[in-house]
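I set aside some time to look through this model and jot down notes as I went. Here are my entries, in the order I made them.

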Amino acid sequence: MPNGLIAKAEYSENELNKPAILILHGFLQTHNSNTIIQLSSHLTTEGYSVLAPSLTLGVSKRKQSLSCEAIHLHSMDDDINEIDHWVKWLTKKGFKEVYIIGHSYGSLHAIIYAANKANPIVRKLIATSLVDNEHGVGKKNHKKQLAIVKNKISNKDTSLGKYKISFCKEYISPSDAFFSYAKWNQNQIISLLNSIKTPVHIILGSSDNRIDKNWPNRLNTAGAKLTIIEGANHFFAAEYEFDLADSVISLLDNN
Amino acid sequence: MLKNILKKFFPLSVKVYAMGFTIVSFLLLISFLWFNFNKVNELQDKMNFENSILAKKELNQAISKSIQSAKNIATQLENWDETIQQLHNPVYYTYWRRNRALEAPFIENYFIALEIYNKNGNSISDKKHFPLLPSMNDSTLGSFVAKNNENLTLYFSLPIKESTNASEHDGYLAIELDLAMLLNDVQRFKLISSASLNFQINKNGSSEKTMGK
């Protein structure tokens with residue numbers, strides 16, 4: 001990886017004339033999470049070459065999900081650089097097109113990557129269970145937390161802080177590393193979606209309790225292409241695994 | 001002459017017969033008790049000898065189990081992603097070893113502390129937390145017992161390998177455990193009072209012999 005660490009990934013090669021699929025896992029997870037394994041398996045059966053890496057999150061050869069209470073020194077920039085590295089790796093393999101599918105926080109990673117790196121080989125983004133950083137924390141608390149963090153950054157305070165983010169009630173991190181993730185609120189994600197040229201399609205489950213109730217509406221009014229899978233939760237568990245696979249495959253095949 | 005003397009005593013009175021019988025019975029009883037006393041002592045010595053062999057066996061078993069438990073914890077710590085994280089980026093190592101390491105899911109109540117060393121065997125912290133293990137190399141790996149403020153502690157160390165099939169190590173890990181708690185955790189003693197256990201400690205801090213009641 002660009003940071004000198006070694007990252008683990010699952011790669012299955014199929015037809016080189018088809019676009020390669022890069023699948024990004026959720027917050028602090030690995031490529032071995034159920035949603036990623038199931039999706040990879042469905043796409044491989046469809047003849048796609050699938051690469052599912054685990055972001056290192058500052059841990060060489062990371063094999064486990066990182067606990068919220070661990071020390072988080074990794075930043076969004078580190079993650080984006082790693083995603084860029086994997087896209088370039090696929091380019092070297094000879095693929096002419098890469099589609100990125102994100103799950104949960106991985107969807108946010110994919111959108112930020114597309115907005116910042118704009119690699120022309122990336123032709124399509126599918127953001128499943130796209131999250132924002134306000135849910136679980138609350139808009140007011142999120143704002144408050146960001147103000148404290150900004151203050152620490154301006155004071156060059158590098159001490160560790162205890163924050164709330166995503167499903168984590170105690171996320172231990174220095175302020176700058178935490179800020180790199182926490183700053184992405186609903187408004188910023190929507191403005192990113194409007195600015196990127198790569199086509200983005202969002203898939204959400206109607207029973208996803210890890211997103212705000214108004215989040216699908218906000219995405220819809222902002223003009224995002226949105227598919228709602230009725231009854232599915234954040235992980236598209238049980239029978240919804242097949243609904244997700246069907247939706248993703250139809251979006252991938254549809255040019 | 002003898003006849004005359006015997007005639008003087010005979011016929012013997014009942015009193016003399018009774019006295020003779022009492023003396024003989026008493027002598028027989030003493031001999032019987034003496035014999036049994038010796039037999040009991042002999043048996044007790046034999047039992048003590050056998051018990052001390054069994055006690056040594058019990059202690060050896062408890063120590064082997066303790067070392068195995070130490071090895072299990074050390075191996076799980078070595079495989080823990082957060083240990084690898086600290087090896088590569090020890091900026092907040094002091095906080096991590098004081099807080100986070102103690103919260104690892106596989107840590108037991110007899111775990112006291114750990115220290116991580118880099119590839120060259122130097123502690124990744126400026127402060128050497130284990131004075132008995134200021135640095136590590138392949139010859140210092142293994143286990144030993146030391147006394148810390150009258151408490152017995154077991155040290156166990158192993159090399160850190162980022163992947164199981166790696167031929168070279170990436171660093172070292174040492175752990176410190178409360179030996180008394182560990183012994184009681186791994187073994188229910190029948191012959192040994194674990195509180196009385198003591199170890200003869202060498203000048204360099206390592207254990208030489210075990211003693212106990």
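This is a predicted model: local features need pLDDT of at least 70, side-chain atom pairs count only at pLDDT 80 or more; totals for chains, interfaces and linings use all residues.

**Entry 1: the sheet**

I then traced seven strands in chain A, in the order S1-S3-S2-S4-S5-S8-S9, with mixed pairing. I looked at the edges next: S1 (9-12) and S9 (225-229) of chain A each have a single partner strand, so one side of each is left without a neighbour in the sheet.

**Entry 2: strand S2**

I picked S2 (residues 20-24) of chain A and asked which way it runs against S4 (residues 98-103) of chain A. The two are parallel, and five bridges join them. With S3(A), S2(A) also pairs in the parallel sense, here over three bridges. Ala20(A) turned up in both pairings: it stands opposite Val98(A) in S4(A) and opposite Ser49(A) in S3(A).

How many residues of S2(A) are buried? I found five of its five. As a reminder to myself, side chains in a regular strand alternate between the two faces of the sheet.

**Entry 3: helix H1**

I moved on to H1 (residues 34-45) of chain A. It lies across S1, S2, S3 (49-53) and S4 of chain A, and runs at about 165° to S3(A).

H1(A) also packs against H8 (residues 240-253) of chain A, at an angle of about 50° and with the axes 10 Å apart. That angle makes H1(A) oblique to H8(A). I noted the crossing as right-handed.

Which residues make this contact? From H1(A) I listed Gln38(A), Leu39(A) and His42(A), and from H8(A) Glu241(A), Leu244(A), Ala245(A), Val248(A) and Ile249(A). By class, the residues of this contact are five nonpolar, two polar and one charged.

Most residues other than glycine have a negative phi, so I went looking for departures from that. Leu57(A) has a positive phi of about 50° although it is not a glycine. I placed Leu57(A) in the loop between S3 and H2 (76-92) of chain A.

Ala238(A) was another, with a positive phi near 55°. Ala238(A) sits in the loop between S9 and H8 of chain A.

Is Leu57(A) buried or exposed? It has 24 other C-beta atoms within 10 Å, so it is buried. Ala238(A) has 10 C-beta neighbours inside 10 Å, and therefore counts as exposed.

**Entry 4: where the chains meet**

Last, I turned to chain B. How many of its residues are in contact with chain A? I noted 13 residues of chain B in contact with 14 residues of chain A. On the side of chain B that touches chain A, H3 (81-88) and H4 (93-100) of chain B each supply at least two residues. H3(B) gives the most to that side, with five residues. By class, I wrote down four nonpolar, four polar and five charged residues for the side of chain B that touches chain A.

Key. Residues are numbered from 1 along each chain as its sequence is written. Chains are lettered from A and ligands numbered from 1 in the order in which they are written. Axes are lines fitted to C-alpha atoms, for helices over the stretch in contact, and angles run from 0 to 180 degrees between N-to-C directions. Helices (H or I, at least four residues) and strands (E, at least two) are DSSP runs, numbered from the N terminus. Angles under 35 degrees count as roughly parallel, over 145 as roughly antiparallel, 65 to 115 as roughly perpendicular and the rest as oblique. A crossing is left-handed if the near helix is turned anticlockwise from the far one by less than a right angle, and right-handed if clockwise. Two residues are in contact if their C-beta atoms, placed from the backbone, lie within 7 Å. Ala, Val, Leu, Ile, Met, Phe, Trp, Tyr, Cys and Pro count as nonpolar, Asp, Glu, Lys and Arg as charged, and the others, Gly among them, as polar. Two strands pair if DSSP finds at least two bridges between them. A residue is buried if 20 or more other C-beta atoms lie within 10 Å of its own, exposed if 12 or fewer, and partly exposed in between; C-beta atoms are placed from the backbone.
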